[in-house]
Amino acid sequence: MSSIERTIETPKDKQNRHKAMEAIKVINSIKDDFKSPIQSMNYFYDLFEKVYCKNEPLHSGKTKIGTMCIQIPSEIIYALDGVPIRLCNGFYTDDEIGSDLLPQKACPLVKATVGHFASNNFIDKPDIVFSPTTCDQKTKAGTIIRNYGFKVIDVDFPRTKESEGSREYWRKSIKQFAVELSKFKNKKLTKSNLEASIKKIGYAQSLYHKLSEYRKEEILPILGLDMFLITNAFFFDKIDSWTEAMEILLKEMKIRVDKKTNVAGKRSPRIVFTGSPPIFPNYKIPLIIEQSDALIVADETCSSNRMFNDMVAVDEWNLYDMIDSISDKYLKACTCPIFTTNDDRIRRIIDLVKNYKADAVIYQAFAGCTVYEMEQRSVLEAMEKAGIPILYIESDYSPSQQGQLSTRIEAFVESIKNRRRRKK
Amino acid sequence: MSNLKRKINNMNLVRFRFWFQIVAFLLIVYGGYIGFDLGNKLPTFACVYNGDFTGGKCYLGMLQHDLKHPWETFLGFAGYAFLISLGIFIGWLWLLNKAWCGYVCPLGTMQDWITAFRTKLKIRFSQYDWSSRAKIKPIKWILLILLLIIPVMIANSVFGLPKLPNGLSMPFCDICPGRMLIPAFTGDFGQFYIDFSSKTDLVMTTLGMIIVGLFLIGSFIKKRFFCYFCPMAALQYTFSKPALLKLYKDGSKCTKCGDCYRACDMDILEIADDVTSKNLVTEDCTLCLKCVAACPEEGCLEANFAGKTIFESTKEGFIIRMAMDKKGELNEQH
């Protein structure tokens, strides 16, 4: 009698299987659903597949420093020989786990992040987590995660950015962060290692800026979805491999622009994407947008543009000024809606629309992301004043509502096309 | 043309300014040796006490001298002479605007050298907190008013007050650190003295000595320490609006990242936070253009001469200046 060996799938295996399914679906869509694919994007497709479908760790043997938000300076982490891993999560599977632990109306991003920690199922498990006290939900999430046995350190973050007090406060927080990490790593932060890491990250950012320049072209050589993949890869990839992949990609972009390779139709409306961050694999809204014959030419989100836009600017290259410059970069230019006023964000969106010759703005807010929901009205008013069409969409991580969302987005895209035709 | 423009926008401003200031310093302080003379109405501290060596003279000295006349003479020839002098001063000012401070002024240059020395020692600079910063702003205006009024009050009885003693005829020069420091560069240390001949002289020359000490210590601690109090800056600002050289800002491109503010030696907050004004030459601005060099936004800040952009902020320029255009290596082996 032959026996088939049956094993019962553990919850972790099940979680991994579900996450792999989510991931591969998105990767395949981006890979196959659009015309003129980019050769050198394969590095990124493979990277996401390796990490999220095959569960292969990238940083074995290194100290992994988990960060809960954009505000923890990678410059200092690299200088102290750590690897920053941003743990903002985009998986519906983890969102469901988190739903049992957090209020029903909490933000899916926070739920997914907490769910991920609760399951303690990491590909590259963080050795220590730094949690900046940005929005309410993230602030509280830090403590919840600590209760699961992770080493979590809060980094105090102010909610205003104009005042002198908040600038000083945040500079102190960053100094404290550097001290904590330096103690944890048992390594000294020096002028030379910090300067080197500022320039290393600056170089990576400069590549992003170069790539963004190509998105200003009339004939667009790259999809917004690809851009989200590239920027999201920066959450966890080895920085050297990432920059190398970018250098190769930039070469291909140059050729594509010269050859006038278009990833969309000639009349596809150009969109600036803003609001709650699309984090892999939650590309629900961007996917619908680009499948509806519109193109995302720029974005104002913390999972993408905001991570790269501002570079550290140092006046006196000594430790004291470098640390202050780093602090200022993460506070002053940040357009996160947790801050009291949002004029900077509005100016930024309008500037992106102008520079990238966009036709409209699409604003995503996660149901439960109170601050983005609250800012909606003022942004809409400002866009109306500036004569820029805008679509506000509330979304979450669930795979349902696809039909309703695509109907709305398609209708919006159609109306933009009509508007364009009328203009001519 | 566009290539040249790109080169200028990508330039290393710090190095350019360093050499420009050295050349300007040599011409102003030693210019007399080669017969270089820009006259005595300069909107910068070219010191009259530097004797034959000076490549020009400061208008503040001339102004104090001009004002020490009885009322009546102003109605006649002296009045015309005064206006002509002022006109020449304004002419010089309109040429470079406040860049006289950031690029030419020998006292400014000396302070920048002291700053460079401090940086070499890896000692942190200090900053005023915002409220103190606001409080010291009027001091330069008070000094300006005093240096205008005192000479008048020597020659005239104002509101029936007794005339001031003649020892006060150059009140600002008495306390100006330039009087002592600039001639020292041509080997003349004779200005370091305390004059016991009269009470006024005693007080003024003692004040002068104290201020030189403060100048040297202050500028080691605070970048451009003296410029915060400079009455020349106040006088310049009075006439700076129509000047040819300008610092313009396009607020719609500003992200308020504050890079410009941090680079600013004069801690001018408006440069980062004002997104509505176009002309950003504020009363304390020295037009050093460090803010333009530190700005990462394409065309947000620019130096403009007579309506033409001569140097503007670009992403590329920023990246090159911060040495982020090349793949760096982390020192540590991974």
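**View 1. The interface joins 31 residues of chain A and 30 residues of chain B**. Contact means that the C-beta atoms of two residues, placed from the backbone, lie within 7 Å. In this predicted model, local features need pLDDT of at least 70 and side-chain atom pairs count only at pLDDT 80 or more, while totals for chains, interfaces and linings use all residues. Residues are numbered from 1 along each chain as its sequence is written, with chains lettered from A and ligands numbered from 1 in the order in which they are written.

**View 2. Helices on the side of chain A that touches chain B**. At least two residues each come from α8 (191-214), α13 (319-331) and α14 (343-355) of chain A. The most come from α8(A), with ten residues. Helices are DSSP runs (H or I, at least four residues), numbered from the N terminus. By class, this side of chain A has eight nonpolar, nine polar and 14 charged residues. Nonpolar covers Ala, Val, Leu, Ile, Met, Phe, Trp, Tyr, Cys and Pro; charged covers Asp, Glu, Lys and Arg; the others, Gly among them, are polar.

**View 3. Helices α5 and α6 of chain A**. The axes of α5 (residues 108-119) and α6 (residues 136-147) of chain A come within 10 Å and cross at roughly 10°. Axes are lines fitted to C-alpha atoms, for helices over the stretch in contact; angles run from 0 to 180 degrees between N-to-C directions. α5(A) and α6(A) are therefore roughly parallel (angle under 35 degrees). From α5(A), A:V110, A:T113, A:V114 and A:F117 meet A:Q137, A:K138, A:A141, A:I144 and A:I145 of α6(A). The residues of this contact are six nonpolar, two polar and one charged.

**View 4. Confidence.** The complex has a predicted ipTM of 0.93 and a pTM of 0.94. Chain B averages a pLDDT (the predictor's confidence in each residue, from 0 to 100) of 93, and 98% of the residues score at least 70.

Key. Angles under 35 degrees count as roughly parallel, over 145 as roughly antiparallel, 65 to 115 as roughly perpendicular and the rest as oblique.
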